[in-house]
Amino acid sequence: MDVFKKAIFTDMLHSRYRAFDYVEKTIDRKKKNVNPIMLIVAGYMALITLGAVLLSLPISQRNPVSFLDALFTATSAVCVTGLSTIDISSSFTGIGNWILVFLMQAGGLGIMTISTVIILLAGMHPGFNHQSALLANYTQEGNVDPKKILRAVLPFMFGLEAIGAVFYFTQFTEEVLIDYSLYNRIFGSIFQSISSFCNVGFTLFPDSLVRFQLNPIVNITTCILALAGGFGFLAITEARYMFDFKKRSFQKISLHTRIATVFTAIIIVVSIAFFIFSEWNNTFADLSFAEKLESSLFMAFTSRTAGLNNIDTPCLSVGSLFYFVIIMLIGANPGSCGGGIKTTTTAVICLLGFNRLLGRNKTQILGRTIPETTVDKAVRIFVVAIVVIVVATLILLETEATGDTNAQGSFLKVFFEVVSAYSTCGLSMGLTSELSIPGKIIVCTVMFIGRMGPLFLISAVAMKQEDGMWYAEEDIMVG
């Protein structure tokens, strides 16, 4: 009898162990199935919500601001866009402006980087999903140490912002500041430096940087900060470790960094030439050649994603505005503070078309073949961007342009606004402050989608399709 009871007890014990083992395996499987991209999306949503709540507090407001406007401003700051339905300088108190500084810095640096820093400082090691999210945000491969990324990015970012703040401080004088005090000069310099590096586009001046149009120090400082912030953290990491002091030799630069650098240089050079040509007898009519070159250089560096302008945007020619749409859509380099579909995405699509015209089945450049999976990602990003922009434009044309007698002008303003929001650029033809409640919600949504990236959203919601039965092929006529 005792043997029988012992057998029953042993069987029950083994069953309990099997049950615990099943639960443990189930939990591990669920952890592995967690999409790292969802961590980034959830982190940004939480940060935006927190920012909107803080900006809605009475201590943050100088003038009454509705929760929707606070949400719009928080979304714009975290998504490093720079569009605003209200005047930042007159609407928020010093506390509210410091909250904006935090939101801009957090949005530019990335919620995953900030949380990784906290974990590392606490002496812990980031989990697999956490590292995957960090690498997905800053690299195209999973072979880069997160600590190495942080050691390269953080000192570079904060150091350059500090240097930029010093240069801004020397130019924020009594002639340009309404409330001229040491605190306002220091805070204004910090605010502008972070906004420029993170490619946000917010300023404490109601005319953006128009008052500094012919100030070479402010213009050059802004251009350098915007370029560095939009260059991409992977490229910065490679530049940081390009020279191996132990081996006393240069390390090989990846194809990604080479394409991103060359394509960025091409865009800047072409933009400078185009703006000089397009605005020669328009907004540049009263400027000398050196001043025209300086203004064109500023527009070329900041118009892609920074959203800062030293010329009133609605005064630009139609050709310049359309060109703005193109380069805003292209945006900055991957893994940077900037938005857009990214320079490498555009480069891959262009290379795809060029190689197909030459009869090549593979996309090749600089002695290398770009994987088909990467080409497929680039095409998906472009298609999603076009769909989002078209749908948002159609909706805003119904909510914002109904009954407007100037239909062509309304279309350009709406189209420009949508591309700017999706590309997280922040330039506007004046529509932002006129948006209705539905319009604000739509633009908020577009900014969020643009910041997360269409590829992130596709990866987050797409179902994994297993290889299975395929239908028979049948050709159709095209072209």
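Arg211 and Asp207 form a salt bridge in which the closest N and O atoms are 3.2 Å apart; a salt bridge is defined as a side-chain nitrogen of Lys or Arg within 4 Å of a carboxyl oxygen of Asp or Glu. The model is a predicted one, in which local features need pLDDT of at least 70 and side-chain atom pairs count only at pLDDT 80 or more, while totals for chains, interfaces and linings use all residues. Residues are numbered from 1 along each chain as its sequence is written, and side-chain values use heavy atoms, with hydrogens and water left out.

Side chains of opposite charge can pair when their charged atoms come close. By the salt-bridge rule, the count comes to 4. In the pair described above, Arg211 counts as partly exposed because its relative accessibility is 35%, and Asp207 is likewise classed as partly exposed, with a relative accessible area of 27%.

Another salt bridge joins Arg380 to Asp376, with 3.4 Å between the closest N and O atoms. Both residues belong to helix H16 and lie 4 residues apart, about one turn of the helix. Helices (H or I, at least four residues) and strands (E, at least two) are DSSP runs, numbered from the N terminus. Arg380 is partly exposed, at a relative accessible area of 28%, and Asp376 is partly exposed at 41%.

A further salt bridge is formed by Glu434 and Lys413, whose closest N and O atoms are 3.6 Å apart. This pair links distant parts of the chain, 21 residues apart: Glu434 lies in the loop between helix H17 (407-422) and helix H18 (437-452), whereas Lys413 lies in helix H17. Lys413 counts as partly exposed because its relative accessibility is 23%.

Helix H16 (residues 372-400) also contains Phe382. This residue contributes to a nonpolar surface patch of about 690 Å², made by Val379, Phe382, Val383, Ile386, Val387, Val390, Val391, Leu394 and Ile395. Patches are made of residues with over 30% relative accessible area and no salt bridge; like charges are joined within 9 Å, and nonpolar side chains (Val, Leu, Ile, Met, Phe, Trp, Tyr) within 5 Å. Accessible areas come from the Shrake-Rupley method with a 1.4 Å probe, and for residues only the protein chains shown count as cover. Phe382 counts as partly exposed because its relative accessibility is 34%.

On a 1 Å grid over the protein atoms alone, a cavity is a set of points where a 1.4 Å probe fits but cannot get out, and a pocket is an open set with protein on both sides within 12 Å along at least five of seven lines; lining residues have an atom within 4 Å of a point. Grid points are joined across faces, edges and corners, and a volume is the space filled by probe spheres set on the points. The count comes to 1 cavity of 30 Å³ or more. The largest cavity holds about 70 Å³ of space, and its lining includes Phe298, Met299, Thr302, Asn309 and Leu427. Helix H13 (residues 289-302) gives the most to this lining, with 3 residues. By class, the lining of the largest cavity has 7 nonpolar, 5 polar and no charged residues; Ala, Val, Leu, Ile, Met, Phe, Trp, Tyr, Cys and Pro count as nonpolar, Asp, Glu, Lys and Arg as charged, and the others, Gly among them, as polar.

The second largest pocket contains about 600 Å³ of space. Of its 27 lining residues, Gly82, Ser84, Pro206, Ser208 and Asn309 are the closest to its centre. The lining of this pocket comprises 11 nonpolar, 13 polar and 3 charged residues. Ser208 is found in the loop between helix H9 (182-197) and helix H10 (216-229), and its phi is near 60°, a positive value in a residue other than glycine. Ser208 is buried, with a relative accessible area of 10%. A positive phi, near 50°, is also found at Leu366, in the loop between strand S3 (363-365) and strand S4 (368-370).

Helix H11 (residues 233-240) contains Ile236, and Phe233 is found in helix H11 as well. Ile236 counts as buried because its relative accessibility is 8%, and Phe233 counts as buried at 2%. The C-alpha atoms of Ile236 and Gly335, 99 residues apart along the chain, are separated by 9.9 Å.

Definitions and conventions. Buried means under 20% relative accessible area, exposed over 50%, partly exposed in between (1.4 Å probe, protein chains only).
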